[in-house]
Amino acid sequence: MGLITKAIGLTGWSSLAVAGTFVAMTRKNRILPIPASDYIYNPNNAPVTHDICLRSVPLSQIKPELLEKEGLLAEKFCAGVWSGLGYAYQRRYLEKKYRGPETEGHLWDRKDLAESRYEVGTMITDHFEVVSKTPESVMVRCGDSPRSRDVRESDGLFEMTAVIKREEGVAEFGLKSVFYNGLKGHESGSKDGPMPSHVQWLHQQYDKIW
């Protein structure tokens with residue numbers, strides 16, 4: 001999780017101006033715990049770190065063409081997460097360390113990240129792999145290189161969702177995170193996730209930026 005700390009620290013939060021911009025941009029984002037009934041979070045497999053960041057946007061503020069074709073809004077939201085400024089530092093960091101002949105088939109360049117359809121099997125910057133896609137969501141496995149196919153010490157799932165609620169006149173966007181130590185499995189009586197509380201808080205702010 002050191003990469004999260006670096007990514008956030010280097011955004012210049014020591015500057016009051018930047019901090020003010022962050023607050024203004026993310027004030028409508030809500031961080032919530034994932035319900036125990038959620039399909040990717042099983043509390044019986046604790047300890048895990050989990051949260052979901054939600055934001056509702058009026059349909060009037062969304063390009064009409066993104067609402068006409070089923071699944072397009074979720075695809076574009078996913079593309080915006082990976083090609084956007086929120087992921088820029090982490091993308092460059094991973095590129096310097098891991099881009100090479102073995103990972104050239106992964107998405108690295110901002111243009112490719114912005115234009116991808118994010119079909120199952122798509123690999124992103126040697127750190128994420130699309131493992132599920134529906135008309136309302138794109139889910140990626142994270143925590144280590146997708147070249148590591150086995151159970152991992154650092155493992156997790158991100159799900160990006162875009163749900164059109166026409167009766168409410170909004171689209172609800174979500175970024176759901178579940179992190180766990182795959183090698184430990186269930187530890188009876190433990191409630192502590194793999195992230196210390198301060199890193200979990202930083203990750204939640206990173207979610208808001210994304």
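Is Glu 75 buried or exposed? In this predicted model, Glu 75 is buried, its relative accessible area being 7%.

**View 1. The salt bridge between Glu 75 and Lys 133.** The closest N and O atoms of Glu 75 and Lys 133 are 2.7 Å apart. Because Glu 75 belongs to helix α4 (residues 72-83) and Lys 133 to strand β4 (residues 128-134), the pair ties together parts that are 58 residues apart in sequence. Whereas Glu 75 is buried, Lys 133 counts as partly exposed, with a relative accessibility of 25%.

**View 2. Lys 133 and Glu 119 in a salt bridge.** The side chains of these two residues meet at 3.3 Å, taken from N to O. Glu 119 sits in the loop between α6 (110-115) and β3 (123-124) while Lys 133 lies in strand β4, so the pair ties together parts that are 14 residues apart in sequence. Glu 119 is partly exposed, at 40% relative accessibility. Glu 75, Lys 133 and Glu 119 are linked, together with Arg 117, in a network of salt bridges.

**View 3. The salt bridge between Arg 99 and Glu 104.** Here the closest N and O atoms are 3.1 Å apart. Arg 99 counts as partly exposed at 29% relative accessibility, and Glu 104 is partly exposed as well, with a relative accessible area of 44%. A search of the whole structure finds 16 salt bridges.

**View 4. Helix α7, residues 197-209.** The end C-alpha atoms of this helix of 13 residues are 19 Å apart, which agrees with the 18 Å that it should span at 1.5 Å a residue. The buried residues of α7 include Val 199, Leu 202, His 203 and Tyr 206.

Conventions
Residues are numbered from 1 along each chain as its sequence is written. This is a predicted model: local features need pLDDT of at least 70, side-chain atom pairs count only at pLDDT 80 or more; totals for chains, interfaces and linings use all residues. Side-chain values use heavy atoms; hydrogens and water are left out. Helices (H or I, at least four residues) and strands (E, at least two) are DSSP runs, numbered from the N terminus. The expected span of a helix is 1.5 Å times one less than its number of residues. Buried means under 20% relative accessible area, exposed over 50%, partly exposed in between (1.4 Å probe, protein chains only). A salt bridge is a side-chain nitrogen of Lys or Arg within 4 Å of a carboxyl oxygen of Asp or Glu.
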